[in-house]
Structures are given as C-alpha cells and as structure tokens.
4 protein chains.
Amino acid sequence: MTSGGDCPGLNAVIRGAVLHGIKSYDHDFVGFRDGWRGVVEGDIMELPRQSVRGLARQGGTILGTSRTNPFDGPHGGPENIAKVLEANQIDAIVAIGGEGTLAGAKRLADAGLPVVGVPKTIDNDLKATDYTFGFDTAVSIATDAMDRLRTTGESHHRCMVAEVMGRHVGWIALHSGMAAGAHAILIPEHRESMEQVAMWAKEVYDRGRSPLVVVAEGFIPEGYDEAFAGKGQEASGRPRLGGAGDFVTQQIEEITGIETRNTTLGHIQRGGAPTGFDRVLATRLGMAATSMAEDHEWGKMCALRGTDVVRVDFSEALDGLKTVPLERYEEAKVLFGR
Amino acid sequence: MTSGGDCPGLNAVIRGAVLHGIKSYDHDFVGFRDGWRGVVEGDIMELPRQSVRGLARQGGTILGTSRTNPFDGPHGGPENIAKVLEANQIDAIVAIGGEGTLAGAKRLADAGLPVVGVPKTIDNDLKATDYTFGFDTAVSIATDAMDRLRTTGESHHRCMVAEVMGRHVGWIALHSGMAAGAHAILIPEHRESMEQVAMWAKEVYDRGRSPLVVVAEGFIPEGYDEAFAGKGQEASGRPRLGGAGDFVTQQIEEITGIETRNTTLGHIQRGGAPTGFDRVLATRLGMAATSMAEDHEWGKMCALRGTDVVRVDFSEALDGLKTVPLERYEEAKVLFGR
Amino acid sequence: MTSGGDCPGLNAVIRGAVLHGIKSYDHDFVGFRDGWRGVVEGDIMELPRQSVRGLARQGGTILGTSRTNPFDGPHGGPENIAKVLEANQIDAIVAIGGEGTLAGAKRLADAGLPVVGVPKTIDNDLKATDYTFGFDTAVSIATDAMDRLRTTGESHHRCMVAEVMGRHVGWIALHSGMAAGAHAILIPEHRESMEQVAMWAKEVYDRGRSPLVVVAEGFIPEGYDEAFAGKGQEASGRPRLGGAGDFVTQQIEEITGIETRNTTLGHIQRGGAPTGFDRVLATRLGMAATSMAEDHEWGKMCALRGTDVVRVDFSEALDGLKTVPLERYEEAKVLFGR
Amino acid sequence: MTSGGDCPGLNAVIRGAVLHGIKSYDHDFVGFRDGWRGVVEGDIMELPRQSVRGLARQGGTILGTSRTNPFDGPHGGPENIAKVLEANQIDAIVAIGGEGTLAGAKRLADAGLPVVGVPKTIDNDLKATDYTFGFDTAVSIATDAMDRLRTTGESHHRCMVAEVMGRHVGWIALHSGMAAGAHAILIPEHRESMEQVAMWAKEVYDRGRSPLVVVAEGFIPEGYDEAFAGKGQEASGRPRLGGAGDFVTQQIEEITGIETRNTTLGHIQRGGAPTGFDRVLATRLGMAATSMAEDHEWGKMCALRGTDVVRVDFSEALDGLKTVPLERYEEAKVLFGR
C-alpha cells in the first residue's frame, strides 16, 4: 500500500518487496488501491511477478495513492481492517508512506494488526533514517533546473530565484543549493531577514556575477510570523500573491534594484524516473520490508543507517520532524554571498 | 552582438562565427556587450580564439544581452553607430536576435551600415527559417518535465497542466505536447472553449487515465478577448491571478470536478546546455554569418531550409510571425481526448 | 511491422499510426511480430488503442524486429503474403524500416500487395527524407558522451577518441562531432591520412588543450582499402584488433606520442527514450502512413521535407545511400585542429 | 593537489576548500599541477576566489592529474617536498586521491609534512568512508546506459551485456545493476560459473524477456585464475580478445544459443558533470579538508559516515580495499534470473 504524495521510487519498493517475497519465501502479493482507501474498502489488485516488471525505473506508483485516513469513515478502524485482511487471506500489510501514513500504521499495529512500514518522503524529513528515497531525485531535478537558470541570469545580469519543495524542512533547498552553487539558501528552519538576503545578492552582483537564490516553499523571513507561510498573507494582513519564491523575488528587486525573476519548480520535482541512488535504496527497502513481514516484526519499519538497512520502531521515526540542524546550515552559509 | 531574451545556442553561434572567421578569412573579432547597448555605447570586448573555447555546449551568451533599441537615446541611430564602428575599426556587425533585433538591424542596414543577421527565437516564430536554435532545447526540456508530471498525475488520479512558453505562437506547446502524448494542446493561434478542454480531460479520466494538458502562455480561451492574455484579467474584469496555466487548471477542475494541478515551467525552458540539434544549427548559422560578412551581404540573414543554410533578406523574416498553421494543429488534435 | 535494427521512435510511429487510424478512420490494427518473419508466418498480435498508451516516449519496438527477408524461405514471397493478409482480413501493411526493408516493401508493392512505408534508419542514410527518426536521439547520446570524455581528456592531458555508429555514412559522427566541438571528425565518405589526423591532434595538444576525435565505425584511413572496414584487417594483412576507433587511437598515440584513449559507444546509441524531436517526427510519420493506407497510396512512403511530411515513391528513397556531401564535410573541417 | 584517475567532483572539492578557506580563515590557495608531479617539481598555479567560480558542476579537475609517485625521481621524497613548501610559503597540502595517493600522503605525513587528505575513488573501494564522490555519478551514467540497452535487447530478443568499471571491487556493477533491474551482476569479489550465468540468462529468455547482465571489468569466472583479469588471457593460455564483458557475452551466446551483445561503457563513466549527490559530498569534503588543515590535523582525511563528515587517520582508509560484502551480494542475487 502506497499512501500520501507520490515519490520517485515507490514502484521500486513494490518491485523489491514482491520479487523478494516470491523468490525467497514463496509469498503471494496483492496491492491495495489508492492508499488506506483501498485497505478500508478492500479494494485490491493481484500483484503477480510479471506485474512488477521494469518497475525499478518507473516514477509514481502503480497502486495509486490518496490521503485517506484509515481511522475515518464508516469502514475505518482496526476491526474493519482486520476483517478485510481475513476476507482476503492477507497476512501482512506493507505500508509505504510518510509521517501521516506511518502514524496510522503505528496505531493499527498497536491495535494488533500485522503492519510493517517503509519510510517515504520526498522532503527527507523523517527521523530514524539517513535518507528517504525520492529525495535524491528531487535534489537532482532541482539542481539541473538551477544549472539552467544560472545561464539566463548571467546573460541578463539578473538575480534568479528558484522555489523548491519543503514546507516544513529545507533539505531539498540545502542540497540542491549547495550542488548548484547558490548564493543564498533560505529554509523554514532558519530565519533570515530580507535585508540580509538582499545584501548577499548585492555582493554577488557587485562582483559582476548573477546571484542565484534558492528558497524552500516554507521559508519565513525574519520579522514575519507563521501566518506568512500558512495563510499566504503578509504580516501586514495584505493578501500575498504567490509563494515564498515570489515574495523573496519581489523583495530582492525592491531592496537592491536588481532585476530579479522567480521560478517555482513545483510538481516536476516529484515525478518521473528515480535516480540510480533512489532506485537502489527503494529496492533494498522493499526487500527488507518483506523480510520484516516474514519475521513478524509488526510495528517496525526499515531505515537506512550509513550503508545498512536496519529495522526500527515506528515510534522512532515519529518522534518529530528531522529538520536541517544548525551546523549543516552554518556549513552551507559559508558559501553565501560574495 | 546578442540581443533580446537569452536562448540556448547563442554561444555556439559566437563560437562558429569567430572560429570560421579566424581560420578561413583571418578576421579579428570583438563582441559588443549587452546587445545594442554595447553597440551604441561602443562597449566592446576582445574575442580571441581562446575566448570561444568550449562554448558550443554552454547556455546563455558570454556577451550579455539587453532589450535596448539601437535608435533610442542620445547615442542611438545609424550615424552614431557608424562612428563607433569607425573608431573601433569594425567592418561588420553580426546581429544575433529575434524579430525586434532584426527589425533594428534592417533599419541600420537600410541606412547603409554593414549588418548581417542570425535569427534567434526560442519560440520558433520567425518566418524564412524552418527552425531557430533554442527551440529544440526548449521542447526537450518541456517534454522531460511533462514525462515527470504524468507519473504524478497517474498516481493521484489527477489532471496535470503544464504552462509552457509561447506568448504569440504555440510551437513549443505543439511539439512538446505531441512528444509527451498530451491529451490537449492549447495555443494562441487557435481558440478552444473551456468546455471543450474539460471534455477532453474528462474523456481521458473516464477511461481510467490521467489527463495531461499543455498550455502556451498566450492561449486565450474561446469567449475571452485579447485582454485575457494582455492584462491578466478575466473578461469579466475581475483580476485574474496567475497565467493561462492557472486559469485552465482552475476551469478544468471547476467543470469536471477532477483534481487538477498546474506547473508553470518558466525560465528553465530557456537556459542551460543546448541539445545536439541546436548546437549544430547554431554553429552552422554562426559560420554562415561570417561568410555573409566576408561577402558583404549586408541586410541579409542566414536561415535553415530543409538541411541547408541559406541567405535571405531581413524583410523576408520580418513579414509577420510564423504561427502554427491550421493543418499542423488539426494533425495534433487527432490525438486529443480519449 | 517494424524491421531491421531497432531505433528510438519506432513505438511512437506505431502509436501515431494506430491512434490516427482508430480515431480518424475507424481502422482496426494488428502488429506483425518480429518484422517480415511475422508477415510471412502470419504471426500477429492485436493492437487495440490501450496497447499503444504511453508509447511515444518508449524506446525499441513492442512488435519486435528481425532481419528476415520476406522473399526467403518456404513461406516467403508475395503470393504467400497475400494469403496471410486475406486469412487475417488485413487490408494494408505499414512497413517501418530502413533500406533493406523498404527494398522488400517495394518488391511486394510492385507485385500488387497493399504496402506503404515509413523510413527508419538511425544512420540517417535514406534519400528522399531530410531526417529519419532515431538519428537525433543517437546524436544526442553521442554528444552527451563526448561532453563527458572531454573532461577526462583535459584532466589527464590525453587525446580522447569516440567511435560512433555509421558503417557507410558519417551523419552521426558529423553532427555529434560538431555539437561536442570535436577537433577531428572521421567519416566513411571522406578519406584522411592518419598523419593528417595526428597533426590535428598535435596542434590542439600543443596549444594546451585536450584533443577530441570522433570516428564513424566505417571510416577508412587514406592508404587502406575496403578490407580495412570489411574484414577487420590492416592493409598489411595483419589481423586488426578492435574497430576503427581502436585503430585511430593507436595510430594517434604512435605518431604523436600523446596518450590516447578510445571509447566505442556501441549499442547505447540506439536504445532508450527518443528525444522530443524524434518523438514528434515519428508520431507525424506514423499518422501519415495511416493516411496513405487510407488513400491506397501503395508503393509509397512518407518523408520529411523541411517541416512538411510528404509522400514519395519507394524508388526515390532507394536510389543509393544519402551520404555526407563534400560541402558539409568541408564546413565541419574548418573547425578541425587548432 | 588532485592525483590518480579523474573523477566527477574533484573540482567541487577544490571549490569547497578554497571558498571555505578564504571566507572563514583568510587562507590563500595555490594548486599543484598534475598531482604529485606538481608537488615535487614545485609547479603551482594561483587559486584566487574567481578561479573556482562555477566549479561545483564541472567534471574533471582544473589542476590536472597524473600517476606520479611523490617518492620517485631525483626530486621526490619528503625533504625535497619540504623545500618546495618552504620556497612557496605553503603551510599545508590537501591531497585529493585514492588508495595510492593517500598511501603516499601518509608516508609524507609520517615524515613530518603538513598533509591532510580527501578520499577519491570512482570505484568506492576506500574503507573508512561510506561513499566516495564520483561513485554516484558513475552509477547514474551506467544505469542510464543500461536503461537504453534494455530496449534494444527486448526489440531484438537478445541478451545484452554491459561491462562497467571495477577492476578490484564490484560497487558500480552492484548499484547500477540493482538500479537497472539487471538479471545477473558479476563482480570481482564473488565467483560465478559461466554455466550459472548462462542459466540465469536462459531463465529470463524462456519467460519471454530479454536478459540484461552487468559485468565489472575485474570479474573472474569460476574455474579461471587471476591471470584471466590480469593478463587478458584465458586459463588455457590462448590470448583473450577484449575484456570481461566480451568474454561473458561470447560464453552466454555459446552456452545458450541466445544472440548476445556486449557494450563496454568505458571512460564515459568517469567524466562530465557530477550528480547533485556527488556535488554536495565533494563540496562538504573540500570544506572539511580546509578545516582540518586549519586545525593542523596532519595525517588525517575527511570521510562520510551516515550523513556526517568526520576525520579519520589515513591508516584507517588504507587497511585493505572496501569490497562488496557477501550479504550485499546475496541481497542483490535474489533478483537474478527469472
């Protein structure tokens, strides 16, 4: 079952889980359609070996996904789900999803259901795992995009801004910004004043170069409150048009007088073929999930630690968001500005 | 001299022109900085052979660009420019640019200045040439982006919309939409009602697939007037937020009830390394421009016809925009909808 | 029916032909498996609309391919094929292939069979069409590869050689070499002595740069005869190890003393997702082929002329190979050496 | 100083080291040309801030590289190098290289010279670090190439073989093979008989698919001895043409009768722009190296552990090659064959 926002590598997890189960343990597999919706409604599809052919490199999820909560609605909750499992002779659920999905999975496991998990978030904000699949692909796409923006900036003597994903954490911005050689990286975890950002841009411009600024969608400038991100409003209460990238763009232009342009990368960051890194990680996690089910390790998920795939309790992953630590931000900040 | 919006292949033109001139004719080269501004102000840089090393694959333009008009300002106009040429011992100007640039170049050539042209437009909207460099790169980037959007659409059972460049013509939308297998392609040249667009999306959705719609930024739906594109307003006079892609997205969702998401590709379409096709075309055009200057073919530009590079009068290129002809749109339309 | 070597865009042709036929003319489609083998043996598969979903961007051919000759074997020849068509209620064959395939198609059409053609060759060596699909993808892959080789050459102060496809014609070498800024392009159509090639490499090296040489697999150096390519032998009669790229590499190193390395790109040039250019071309050709069948234009194939898709007699395409003309080679040669 | 084979990310290390040193510690930098050769000969270039502009995404090394041993020749050895450092007022050497380079660096540090190290190997075979930069790029290129080979294999019903880098370890083969969904992965660390490999290919073929086999260049089949790899000879003593990929290809074809084709990826695996992952890793390592020099941590190198950059003794990295452990190979092996 795949749940929540789609992510490159979901199909590779499915393929890894199914092939390992069939070949190592003689398991049979079905897929629940569209996340928890398929679970509570018993909407399943067969997953024979040939159904997972060639999936390692295919973006999205062949099972579909949704944001349904397994405890909501007339069919939600552990008892009903237990009946669905029994009716379909299903011995275990592999729940592939992010923080919300895993929280649901934990409650079901706590209620005695046979559930194991695979962590999934393009934002890389889950604790207990070094990286999640999909993140590397998103960084790769954002980096390529910024490599392109830079040449336009330099030809027109403009400041270029790229808004990348990251509502609550700045991992995509941090990595793609470092990779692309951005002159400022703005993330939700660390406030910067617009004056400071403008000064970084100006320093670069004054040395004859074109400033490149990457902004996570959840960045809030110093002096603005949470409502900035949450309600699309300025602190002043005036309606704010566009996202953080638009705002930062307009502010840099206003403060410095440098022609500035925003590009909001949007959905292209989460679709399409995964990178080699994500395919390997996702395949290994899928295989590990099947082994966990074989071992009846209910209430646990697999995770990456260094180069090892390990098993951890759901609770470990759900202990708050994994944010960018100050030392990583300070490390990147050395490269800001001139 | 490179002028107007930047375009992948500009540097390849410069390299082709310089290397051909140095090796075949023993020419010397200087570059005017930032388009016509550098011409009217006599702001030049040396262009020795080593300055064009490795430029074939580099996006943007090392000369910089601007939208300065060569007839404006205290230093504008043919007499002043003639003085700049004389003072710097410059025998010919190679003007690389789009419709506006070439119109300026024509006026200067008509006034007796030694000017040849190289057509440049990412939108592919110049008559007298089969293709312009940069267009293939833009199509390639837009196609890749839509390949990514599709997997997200299919995982979430959404309709995905991509807004691509094309204020006045729909070539990028037409080619990238055909390449990506879009279910509707909306371009400035041909009106479609939002009801028709919504019906195409619904047909696809009802067959269990995820609709993909590509919209050129200059598309105007049937029933709306020019103000739709020009002023960012609905016909009703209410302020319209966002561009054509946002509007189409909101309308499809409203009419069909299908969850729909827009991605505006923006500046990433015009930056970065050119495709092989564009590098070859740009290199050949650059070489041809030098030969034209050697032959004193003032008032002409080089152009692609089939596989040949030919010489045509500026007037031929300036005889209106090259729009997508009805038969090409009808050809593509066969693939719309279910 | 797809026949001969595979080529990016074959699936896009199939998709274009099938969708256009179903939607415009209410045709039904079947595919012959593995080229002419499927035709003579009546080995067919249904091709309903859903079978061509998403094919525009998929490399290879879902129909399979082979090098079977339709006139060979107990089941070959027009009478037998006519029986296969009748038995399966097939009204027309769309033959997608290169010179050999189209020659076979011509003989069958001359014998009265309902055959139309679509030109296919990754080498771009068919007359009567400006370009064939697959060629642009091959150029793109070879260009990317050479961009990579160059950085290794420069770091190690080596001469890098890339052997690309092109047994009889040098189009891939010419275009990818121009695109990558190669310092020598060696093609079957034009002899160069190894001393001349070595001198080009040395000139570049002596200016502090790393020479990049692209060699078509069918290149024969001056002083060697046809046996060089045909038999993998030196003129001296000693066995020659490896292909033209290996030979050129060894010769440059021997003559100049510069450390030189070859990379034979091989099969990666013809597989995988087609470029946007090739997808558009292939889709249009597939649609045109269906229209030709609808119009009973037997004995003809569709072709690209400028930006138009036109209909030409098979004989026009079969009138010898389309080789790189001398003026195109001379144009490229200006950029060789220092 | 960069030494040994080139590797995507070297320039990013240089950039990270220089920018961090200039901005955080007010260091000045020079680069030694061509590895240890530049060190022993005192051949240096200035490295001001502007010299490292845009280097994060550039393949190769602007310093050049060589395989010179710092202890060889009339100018080699610690005393001479100490004089070079003194003469040029150099306070520390940052040695960026693989096993050989770091062994040399260790000997110099042991002799009292101020040397810190940055681990570099495209093969990922250095102990004490989870990954080395360049490896992810190589995996990415090999994976893309195999995605392309697969479509050709499927169209022609062939078995496709890809030979990738890895003379002593199989990391590139392991990761790219998992990512591309290869049906057999053959690496130096684990012998397989050619009969077993042929059986895996046959199982896949008999299920109607096209087998894909990836072979590290250092793979030695069961029944052959070290001379197989080392001398390009078969155990029988007959000269062996080509590398491990050619051999495996010929054997599969001979044993199974399935048409089989090899592609040796070669130098394209180590050139060109690094992936986002490698750019981030290389930048962080470069910055860490400068901090180590600031802290006078001679005899140490920086390394990746999980998501942290740590400092380790040279000796830790030099304690034998990091080979693919049996459990990682067994994990991958589950996906072999049918």
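**Entry 1. Chains A and D**

I began with a charged pair: D:Arg279 forms a salt bridge with A:Asp147, and their closest N and O atoms lie 2.8 Å apart. The model I am reading is predicted.

I then asked how many salt bridges the rule finds across the interface of chain A and chain D. The count is four. I looked up polar contacts next. Twelve residue pairs are in polar contact across the interface of chain A and chain D, both residues being at pLDDT 80 or more.

Which elements of chain A give two or more residues to the side that touches chain D? I noted helix H1 (10-25), helix H5 (135-156), helix H6 (171-180), helix H10 (276-294) and helix H12 (326-333). H10(A) supplies the largest share of that side, seven residues. I sorted the side of chain A that touches chain D by class: twelve residues are nonpolar, eleven are polar and 16 are charged.

For extent, I have 39 residues of chain A in contact with 39 residues of chain D. The two chains bury about 3,800 Å² between them. Carbon and sulfur atoms account for 53% of that area.

**Entry 2. Chains C and D**

I turned to the contact of chain C with chain D. It takes 33 residues from chain C and 33 residues from chain D. The buried area is about 2,400 Å², and carbon and sulfur atoms give 55% of it. In chain C, the residues that lose the most area to chain D are C:Arg148, C:His267 and C:Ile268. Together they make up 29% of what that side buries.

For polar contact it finds 16 residue pairs, both residues at pLDDT 80 or more.

I checked which elements of chain C take part. Helix H5 (135-156) and strand E8 (260-264) of chain C each supply at least two residues of the side that touches chain D. The largest share, nine residues, comes from H5(C). By class, I recorded eight nonpolar, 19 polar and six charged residues on that side.

**Entry 3. How C and D are related**

What rotation superposes chain C on chain D? I read 180°, with 0.0 Å of shift along the axis and an RMSD of 0.0 Å. That is the relation of a two-fold axis. The same surface serves both copies, as 100% of the contact residues of chain C recur in chain D.

**Entry 4. A:Arg158**

I picked out one residue of chain A. A:Arg158 sits in the loop between H5 and strand E5 (159-164) of chain A. Is A:Arg158 buried or exposed? Its relative accessible area is 7%, so A:Arg158 is buried. I listed its contacts, leaving aside neighbours within four places in sequence. Among them are A:Thr152, A:Gly153, A:Ser210 and A:Pro211. A:Ile258, A:Glu259 and A:Arg261 also touch A:Arg158. From chain B, B:His267 is in contact with A:Arg158.

**Entry 5. B:Thr323**

My last stop was in chain B. B:Thr323 is found in the loop between helix H11 (314-317) and helix H12 (326-333). Its relative accessibility is 37%, so B:Thr323 counts as partly exposed. Not counting residues up to four places away in sequence, B:Thr323 touches B:Val169, B:Trp171 and B:Glu189.

I also took a distance. B:Thr323 and B:Ala201 are 122 residues apart along the chain. Their C-alpha atoms are separated by 25 Å.

Note on methods
Residues numbered from 1 in each chain as written. Chains lettered and ligands numbered in written order. Predicted model: local features only at pLDDT ≥ 70, side-chain atom pairs only at ≥ 80, totals over all residues. Heavy atoms only, no water. Least-squares fit on C-alpha atoms with pLDDT ≥ 70 in both. Contact = heavy atoms within 4.5 Å. Helix = DSSP H or I, 4+ residues; strand = E, 2+ residues; numbered from the N terminus. Buried < 20%, exposed > 50% of the residue type's maximum accessible area, 1.4 Å probe, protein only. Buried area = accessible area lost by both parts, 1.4 Å probe. Salt bridge = Lys/Arg side-chain N within 4 Å of Asp/Glu carboxyl O. Polar contact = N/O pair within 3.5 Å; in protein donor to acceptor, adjacent residues only side chain to side chain. Nonpolar A, V, L, I, M, F, W, Y, C, P; charged D, E, K, R; others polar.
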